[in-house]
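Dear colleague,

Please find below the structure that I am handing over to you.

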Amino acid sequence: MLRTVVLSVTGNPLVRGLFGSRGPVRSLALRFVAGETLEDALRVVDEVRSSGRLVTVDHLGENVTTPAEARSAATDYVKVLERAPQSEGLNVAVKLTQLGLDLAPDLALDNTGAVVAAAAKLGATVTVDMESSGYVTAILDIVRRLHVSHPSVGVALQASLHRSGKDLEELIEAGVPVRLCKGAYREPSHVAYPRKSQVDANYAGMLEMLLATPGGYPMVATHDPALVARAKRIVAATGRPRDSFEFQMLYGVRPDLQTALARQGYRMRVYVPYGSEWYPYLTRRMAERPANLVFFLSHLRARSGRS
Ligand code: FDA
């Protein structure tokens, strides 16, 4: 409920316009985003790696409106891969609406294919983010097509959606690496579980399926300590090797838990976003945590009072 309200308030163009890309809300963004430039991202990549954690880089952007923007996003990703020191082991996260999915599925397929090919050449991997529910079928279709020639291409699934259990079964069967997350988008109740407890329960069930099925390379993306503990128990009970799956968390969220897991010998990957298009990403982080929302609203009030 709170998530729905936050996402609809912050998604309002008037609210967005109040902030632009400056002001105190930018400092909140910088808690979750490496910065606006590739240099900012590479600095954080170094920092994270120096503490024994792995990295995913996300060049922020979504729902581009021209083929030129989509191509330029693909080129930017290739630059990230080429500029990152030790691309081997690096993962990049892409959004297919940033690579042209709203314009034409084939455009998104071609652009994503270019990023995937560049990554493969450098020993890096690509995981496709999952976006709002209307895109799931198209995203999974493109991932399956890319998977034929590049088996390391993975995709995120959201435990919040009713359909995801079945999608997970099919992706495990096809050998596609899955990043399991709860889901960050505002969705109607006919496609998604309305209550957090239901999402958590569905996550737990999907986690069991993902980790207990031998083989594959599951990516457990959550900061929820109960689910992290559950994942550890499944791994211990099934004897899944520690290098055959990884935990993933977002930059700026639960760094204490991240470093603790890395110290315990688990593979721990940090999702590091960068770029000037941080606003939609920030609104999703705010919707996840009331304390972030309070910060946002207090600055919204101060700012509207001034103007
Ligand atoms: P939950 O929301 O229950 O939070 C558990 C605890 O984590 C909280 O109590 C708090 O301590 C901490 N926490 C969580 N979010 C926080 C925040 N924003 N600020 C501060 N603390 C916070 N979603 C999606 O729809 N498509 C995708 O492709 C991805 N990709 C993705 C990759 C990775 C690596 C991660 C970790 C997450 C995603 N997500 C995502 C986001 C995901 O769906 C979900 O919205 C967030 O991870 C929050 O859910 P948790 O599992 O952390 O649980």
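Predicted model: local features only at pLDDT ≥ 70, side-chain atom pairs only at ≥ 80, totals over all residues.

Residues are numbered from 1 along each chain as its sequence is written, and side-chain values use heavy atoms, with hydrogens and water left out.

Overall form

The protein chain contains 13 helices and eight strands; these are DSSP runs numbered from the N terminus, with helices being H or I of at least four residues and strands E of at least two. For 307 residues, a compact globule would have a radius of gyration near 19 Å, and the value of 19 Å for the protein chain agrees with this. That radius is taken over C-alpha atoms, and the globule rule is 2.2 Å times the number of residues to the power 0.38. The C-alpha trace spans about 60 × 40 × 40 Å along its principal axes.

Of the 307 residues, 51% are buried. Here, buried means under 20% relative accessible area, exposed means over 50%, and partly exposed lies in between (1.4 Å probe, protein chains only). Among contacts (heavy atoms within 4.5 Å) with a separation of 6 or more, 73% join residues 24 or more positions apart.

Cores

The largest nonpolar core has 76 residues, and those with the most contacts inside it are I139, V155 and F247. Such a core is a set of buried Ala, Val, Leu, Ile, Met, Phe, Trp, Tyr and Cys residues joined through side-chain atoms within 4.5 Å. Helix 9 (residues 196–212) supplies the largest share of this core, seven residues. Apart from this core lies another, of 15 residues, including L28, A93, L250 and M286.

With neighbours within four places in sequence left aside, the contacts of V155 include I139, L140, V143, L171 and V176.

Helix 12 (residues 279–288) is mostly covered, with nine of its 10 residues buried. Among the buried residues of helix 12 are Y279, Y281, R284, R285 and M286.

A buried arginine and its surroundings

R269 lies in strand 8 (residues 268–274) and counts as buried because its relative accessibility is 5%. Not counting residues up to four places away in sequence, R269 touches L54, V55, T56, G89, L90, N91, E246, F247, Q248 and M249. The C-alpha atoms of R269 and D46 are separated by 13 Å, although the two residues are 223 residues apart along the chain.

T56, one of the residues touched by R269, is found in strand 1 (residues 54–59). T56 is buried as well, at 1% relative accessibility. Beyond its neighbours within four places in sequence, T56 is in contact with N91, V92, A93, R269, V270, Y271 and V272.

Two positive phi values

Most residues other than glycine have a negative phi. N63, however, has a positive phi near 50°. N63 is found in the loop between strand 1 and helix 5 (67–83) and is partly exposed, with a relative accessible area of 36%. R254 also has a positive phi, near 45°. R254 lies in the loop between strand 7 (246–250) and helix 11 (255–263), and its 32% relative accessibility makes R254 partly exposed.

With kind regards
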